[in-house]
Amino acid sequence: MNRFVQSINVNELIRPLGQLMVFSLGSAIALSGIALMLALVLDQTAVGLALQDKYNVTLYTYTLINLPQVVIDGLTIGFVYAAIALGYTMVYGVLEFINFAHSEIFAVGAFIGVEFLIAMDSSGLLRSASIGMSYLLLILAILLGMVAAGGLAVTVERVAYRPLRGASRLVPLISAIGVSFLLQDVIRLVEGLTTGDFNRIFPSFGNFDQRLNFGKLALGATNINLGISIKSIIVIVAAMLMLIGLNYLVNATRIGKAIRAVAQDRHTASLMGINVNRIISITFLVGGLLGGAAGVLYALKFTRIDPFVGFFPGLKAFAAAVLGGIGNLTGALLGGIVLGMLETFAGSYMGVFTMGAAGSEYKDIFAFSILILVLIFRPQGLMGENVGQKA
Amino acid sequence: MISMTIRQLFEQINRGYWPYAIILAHIVLGTAMVYSTPRSSIAFLVLITSFFSLYYFKADIRFKIIVGAILALIVIPIVGVRNIFYLEVIFQVCVFAALALGLNIVVGFAGLLDLGYVAFYAVGAYLWAFFGSQQFYVLHFAPGTQPSNLPFLLPGDAFYLFLFLAIIVAAFTGILLGLPVLRLRGDYLAIVTLGFGEVIRVLANNLDKPLNFTNGPQGITPIQRPTMPETVVEWFNNVFGGMIGHKASTADLYNVMFYFFALMVIIVIIFVTRRVDDSKIGRAWTAVREDETAAIAMGIPLVRMKLAAFALGASFAGVMGVLLAASRTFISPESFSFMQSIGVLSMVILGGSGSIPGAILGAATVTLLNLQILQGFSLYLSELRQSDAVIPLINFAWRDLSTQLDPAKYQRLLFGLILILMMIFRPGGLIPAKRRKRRLASDQATAEQ
């Protein structure tokens with residue numbers, strides 16, 4: 001026992017936690033600053049006056065009142081993106097291949113988790129569940145989603161990607177797009193045949209919908225409500241645990257060392273006695289586990305899911321991975337958080353700042369614009385090193 | 001084993017005068033079947049597949065051209081006017097064949113995976129939709145609130161001008177998108193083009209404010225068509241009226257006209273593609289596709305060559321967009337989704353990337369699967385649902401089958417299966433490109449040594 005405790009590399013547990021804190025706080029402060037500055041600048045223009053006419057608040061106060069909620073929402077979705085982005089980045093790091101089907105692996109995780117909870121709900125277990133029991137059920141749902149998604153990821157790799165290893169780069173990518181489309185319709189087919197409806201709702205149970213209020217912050221004449229919903233806390237804590245766990249796996253264990261070795265040079269790694277196929281399967285498994293858990297968390301946060309639910313989160317998570325520097329785990333965290341924040345800020349404030357000309361309906365393409373800008377000006381991403389194309 | 005026997009049989013038949021007889025028999029059989037049973041899809045498939053026997057059997061090229069022209073220009077319009085649904089199917093096949101040929105230049109020749117190809121199609125469609133409808137006068141009205149008696153901005157015959165304008169505008173859009181992203185590696189390019197496709201769709205959906213350019217999700221309607229002189233309708237009825245059996249209306253003849261336009265675009269695309277493929281640019285594309293680094297070393301201007309492919313592919317999609325807007329008189333953002341892009345990609349991959357007959361075969365197969373077979377299957381299932389039939393053994397009544405199970409809506413499944421299966425089992429496609437065939441053959445030769 002003692003030896004086991006000693007063998008734990010504490011440094012590897014604390015370091016990612018620190019990084020997460022720095023990234024979250026940094027992006028929150030930076031974006032809040034920008035939003036408030038913009039508000040101050042626009043306050044005296046037509047934009048501010050229009051708002052004053054309508055709701056009798058200055059733009060600055062409006063921005064300030066909404067700020068805490070926006071930051072928390074941004075963090076929550078940012079952590080979900082980060083968890084999905086890790087799946088992309090791990091596979092890309094090892095195989096230099098965009099696993100396009102990762103978004104559907106995420107969706108399958110969400111469906112399995114939600115279906116499990118719906119089954120529990122119809123058996124009456126959810127309504128009578130105590131608080132502790134409901135947390136247990138939620139954890140069980142997340143675990144089930146993880147297992148299903150992980151298993152699916154490994155299967156997909158075995159069936160649709162492994163036969164194509166060594167072909168030109170676009171061949172497995174096209175196959176991955178095919179898998180993504182196939183899985184979307186398979187989910188729809190299975191759901192349609194078994195339940196007759198493919199829009200599923202996360203059942204409401206436990207105390208997840210409540211809000212914790214920390215009281216009010218008085219700023220001049222306005223009060224800002226400080227609070228956070230329990231859902232968001234669960235999503236953030238669960239995502240943090242996963243991210244720390246993954247970081248530990250990759251940086252402080254034997255398997256992690258093997259994964260890094262395969263990522264660096266597949267041939268040399270196999271000469272060193274590493275079973276490359278096994279390591280690649282494990283990489284897909286880990287990515288799938290993270291994606292599945294992220295799926296259930298996403299369903300918890302946004303309640304409604306359909307077979308195409310994975311598409312946009314998947315693309316955004318990919319954008320996040322590229323933003324952070326694809327193949328780089330810390331970068332995926334940073335990219336996910338920054339992108340989630342940026343998107344939520346844009347979605348909440350753009351409508352007001354442009355007087356309703358361009359509002360939250362452009363939220364979904366915001367990620368693409370960032371992706372294009374990053375690829376043009378800093379293709380290696382925020383944290384990536386400039387490495388040449390692998391031969 | 002079986003495929004070997006079939007191939008031997010095919011070789012045996014495919015010599016002397018046999019091909020001429022088979023081709024003619026196939027066409028006559030198809031025409032007769034469609035003529036006697038205008039509603040049967042099997043008859044229709046027999047007629048359509050006669051194009052394949054025309055392609056596959058060895059015959060004099062002049063014979064092939066003449067028979068093909070008679071088939072495409074006379075037989076199909078007559079059969080199509082008799083049952084307008086067939087003309088619609090054939091028009092769709094032609095539209096998708098043109099799109100597949102355009103994408104084939106980008107994906108097949110230059111090796112750039114474009115997942116947002118439909119965006120250029122949308123650019124062309126919205127170009128004519130804006131200028132060829134009343135939309136210009138609706139700019140300051142929210143969707144649904146415009147007065148009813150607005151004038152049209154341009155006469156319908158401006159359509160012809162816009163066919164050419166669309167080439168320029170779509171090519172320009174392609175260059176604009178291509179300039180920043182074509183430096184990227186192939187897989188990044190795929191994602192960025194996907195993103196661009198979504199950007200165009202979201203813009204089409206939301207540019208109904210602050211100024212109403214696209215009329216939002218409701219789409220733009222009515223869009224004008226070029227004028228059709230009465231004399232043409234009369235002439236058509238005088239000459240072919242007896243064979244059709246009923247009087248062809250102006251609407252029928254519009255369908256024929258757009259079918260001819262689509263055919264013309266296809267012929268132009270094939271001509272241009274073949275000329276370009278054999279030129280310096282085509283060779284440069286092949287070099288870029290096979291090995292970028294080596295291509296740069298040989299002094300090929302990489303970005304300029306990629307831009308050329310992008311712009312050429314985009315311009316063809318733009319023309320088809322104008323054609324679509326005019327033939328439908330209505331467009332909405334729904335027609336330009338990511339699924340459409342993947343649909344066109346699956347046509348190119350199925351037929352064989354880089355292969356002109358392949359792209360046409362792929363487009364025909366996928367479109368027919370979608371429009372005829374999946375929908376036929378849907379109809380069959382709904383008939384079963386209404387009957388009292390029961391699946392034997394498991395004792396499951398068809399009536400209880402969920403109405404969600406509608407095969408016509410499972411296009412993604414079809415596209416996905418095509419992409420995966422082709423990549424694993426036949427990456428060269430059904431009709432591999434000639435150059436690729438050569439390369440594969442030499443690969444095998446070296447492997448055997």
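Contact here means heavy atoms within 4.5 Å. I keep that in mind for every entry, and also that this is a predicted model.

**Entry 1: Ser133 of chain B**

I looked up Ser133(B) first. I found Ser133(B) in the loop between helix H6 (118–131) and helix H7 (135–138) of chain B. Is Ser133(B) buried or exposed? Its relative accessible area is 1%. Buried means under 20%, so Ser133(B) counts as buried.

Next I checked what surrounds Ser133(B). I left aside neighbours within four places in sequence. Ser133(B) is then in contact with Trp128(B), Phe152(B), Leu153(B), Ile220(B), Pro222(B) and Ile223(B).

A polar atom of the Ser133(B) side chain lies 2.6 Å from the backbone oxygen of Ala129(B). The side chain also reaches the backbone nitrogen of Gln135(B), at 3.1 Å.

**Entry 2: Pro222 of chain B**

Pro222(B) was on the contact list of Ser133(B), and I followed it up. Pro222(B) sits in the loop between helix H9 (186–206) and helix H10 (230–244) of chain B. What kind of peptide bond joins Thr221(B) and Pro222(B)? I noted a cis bond, with omega at about -5 degrees.

**Entry 3: Ser315 of chain B**

I then turned to a serine in a helix. Ser315(B) belongs to helix H14 (residues 302–328) of chain B. Its relative accessible area is 5%, so I wrote it down as buried. The side chain of Ser315(B) reaches the backbone oxygen of Leu312(B) at 2.7 Å. Not counting residues up to four places away in sequence, Ser315(B) touches Ile167(B), Ala170(B) and Ala171(B).

**Entry 4: H4 and H11 of chain A**

I moved to helix packing in chain A. Two packed helices are described by the angle between their axes and the distance between the axes. I took helix H4 (residues 59–95) and helix H11 (residues 276–302) of chain A. Their axes come within 9 Å and cross at roughly 165 degrees. Angles over 145 degrees count as roughly antiparallel. H4(A) and H11(A) are therefore roughly antiparallel to each other. H4(A) passes H11(A) in a left-handed crossing.

I listed some of the residues that make this contact. From H4(A) they include Asp73(A), Ile77(A), Val80(A), Ile84(A) and Met90(A). From H11(A) they include Phe284(A), Leu290(A), Tyr298(A) and Lys301(A). By class, the contact has 16 nonpolar, four polar and two charged residues.

**Entry 5: H5 and H6 of chain A**

I looked up another helix pair. Helix H5 (residues 102–122) and helix H6 (residues 131–161) of chain A pack at about 145 degrees. Their axes are 8 Å apart. H5(A) passes H6(A) in a right-handed crossing.

Among the H5(A) residues in this contact are Ile105(A), Gly109(A), Gly113(A) and Phe116(A). Among their H6(A) partners are Leu137(A), Gly145(A), Ala148(A) and Leu152(A). How many nonpolar, polar and charged residues does the contact of H5(A) with H6(A) have? I recorded 14 nonpolar, three polar and no charged.

**Entry 6: positive phi in chain A**

Last, I looked at backbone angles. Glu96(A) is not a glycine, yet its phi is positive, near 55 degrees. Glu96(A) lies in the loop between H4 and H5 of chain A.

Thr303(A) is not a glycine either, and its phi is about 70 degrees. I found Thr303(A) in the loop between H11 and strand E4 (304–305) of chain A. Thr303(A) has a relative accessible area of 27%, so I noted it as partly exposed.

Key. Residues numbered from 1 in each chain as written. Chains lettered and ligands numbered in written order. Predicted model: local features only at pLDDT ≥ 70, side-chain atom pairs only at ≥ 80, totals over all residues. Heavy atoms only, no water. Axes fitted to C-alpha atoms, helices over the stretch in contact; angles between N-to-C directions. Helix = DSSP H or I, 4+ residues; strand = E, 2+ residues; numbered from the N terminus. Parallel < 35°, antiparallel > 145°, perpendicular 65-115°, else oblique. Left-handed = near helix turned anticlockwise from the far one by under 90°. Nonpolar A, V, L, I, M, F, W, Y, C, P; charged D, E, K, R; others polar. Buried < 20%, exposed > 50% of the residue type's maximum accessible area, 1.4 Å probe, protein only. Polar contact = N/O pair within 3.5 Å; in protein donor to acceptor, adjacent residues only side chain to side chain.
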